[in-house]
Amino acid sequence: FFIDRDGIIRDVNTAWLDMHGFASAGEIVGRHFEVVQTPDDVAKARLLVSGALKGENAPLSGEFSRKRTDGTVGYHAWVVHPTMDATGQTGGIEGFIIDTTAAHNAREALRDSEERHRLLMQHAGVGISYLNPDGKLLELNDVGCASMGGEMEDFVGKTMVELFGVEAGATYQSRIDEAVRTRVTSEYEDTVPLPSGVKTFLSTYTPILAAESRTLGVQIISRDITERKQAEEALRASQQLIEGIVNTIPVRLFWKDRNLVFLGCNTAFAHDAGLTNPQDIIGKDDYQLVWRDHAEVYRADDREVIDSGCAKHLIEEFRMTPEGKAVALLTSKTPLRSSTGEITGVLGTYMDISERKRLEERLRQSEKMQAIGQLAGGVAHDFNNQLAGIMNYADLLLSKTNDEELHRYIDAIIRSCTRGKD
């Protein structure tokens, strides 16, 4: 292209026309060069042309955005130098342009990618670090720096041994070496003493692979799972406490889903069912247990509780033990509900009241014998009163007669009454 001293375009070649979207030179020759510049780059292009006309540091170059006739924006690099007229004066500038749209867009995409990467690094909520294949730290985000108790410059360039000590550092370095060697991502859980306290991290070691299959380094993403581990431990302790209570209370306990399949039970119930431990009952139903002959009755009772949503308390029933012995039970059942109140199954408890029933039977027998004793005592008392009267009259009769034969008969009456009283 050629531009005169006034900035008017005087000549362009076909390639220039194609870059700007013109069909012929007549569409642009005679117009000012600024008409094809975007507003952002007009001032910069003006300085370049002015400098070239003044002969400053010729040739001059620069990259500018341009407007195409279809309204799109492209980018090109200018290289210009002044031209001289017949009198030796600067008559204008000539130069060439190279379409740099693809390269410009690639640079912008790279900058955008780097910015997204930077934002992701800083706002990911996890510690992210990059290390070279030798295990030296190249970059650490803010979360990682906060966990380590310092700034990035305090850690960059250091090895794992320098950062974490010989023993732990050697372990971390072996993982880096493994990732570089195998090119496979691995995950590890570590408890690490840090300035902020002892923390537990779940760390992922990922090899960074280049297009030519080289391993550029390793990315480590570390998630602080300290609170999660503490919550898991608290939950585990709570579950152990509940399990201890459930397996210690002197009642049998079981729970089923809506299909009347067992979800769990305590140890006492498992033993009643002929099982070794409570886990063995999960997934079974009553037809698979020792009381299978009574399964239909029990299941009908469970289904009634689920369908009605009403609990049933202190129901006496009988069940067969694994040894074939009938035992008396005192059973209660209540609907199991979710957090939203939906009925999800049935919870049941029962106590073996066989011994109590035996004691009650003995008590009934004892009370019956006591009643008989009281009745017999009353009869004996009345009988003794009658005998006492007979004996008194016999004594009186004995005192009124001297007949020896009559005395023998009266003595016999008295002896008989005495034996009756005893």
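The model is predicted, so local features need pLDDT of at least 70 and side-chain atom pairs count only at pLDDT 80 or more, while totals for chains, interfaces and linings use all residues. Residues are numbered from 1 along each chain as its sequence is written, and side-chain values use heavy atoms, with hydrogens and water left out.

On a 1 Å grid over the protein atoms alone, a pocket is an open set of points with protein on both sides within 12 Å along at least five of seven lines, a cavity is a set where a 1.4 Å probe fits but cannot get out, and lining residues have an atom within 4 Å of a point. Points are joined across faces, edges and corners, and a volume is the space filled by probe spheres set on them.

The largest pocket has a volume of about 420 Å³. Its lining has 26 residues, and Ser-129, Met-148, Phe-164, Ile-220 and Ser-222 lie nearest the centre. Several elements each give at least two residues to that lining, among them strand 6 (127-131), helix 4 (142-148) and strand 10 (215-224). Helices (H or I, at least four residues) and strands (E, at least two) are DSSP runs, numbered from the N terminus.

Next comes the second largest pocket, at about 240 Å³. Of its 13 lining residues, Glu-243, Val-246, Trp-255, Cys-265 and Pro-278 lie nearest the centre. Helix 7 gives the largest share of this lining, 5 residues.

The largest cavity has a volume of about 60 Å³, and the residues lining it include Phe-1, Trp-16, His-20 and Trp-78.

On to single residues. Thr-90 sits in strand 5 (residues 90-99), and its relative accessibility is 14%, so it counts as buried. Here buried means under 20% relative accessible area, exposed over 50%, and partly exposed in between (1.4 Å probe, protein chains only). Leaving aside neighbours within four places in sequence, Thr-90 is in contact (heavy atoms within 4.5 Å) with Arg-5, Leu-53, Pro-82, Thr-83 and Met-84.

Finally, take a look at two loops. Leu-260 lies between strand 11 (252-257) and strand 12 (262-265), and has a positive phi of about 65° although it is not a glycine. Leu-260 is buried because its relative accessible area is 3%. Arg-183, in the loop between helix 6 (166-182) and strand 8 (186-194), also isn't a glycine and has a positive phi, near 60°. Arg-183 has 32% relative accessibility, so it counts as partly exposed.
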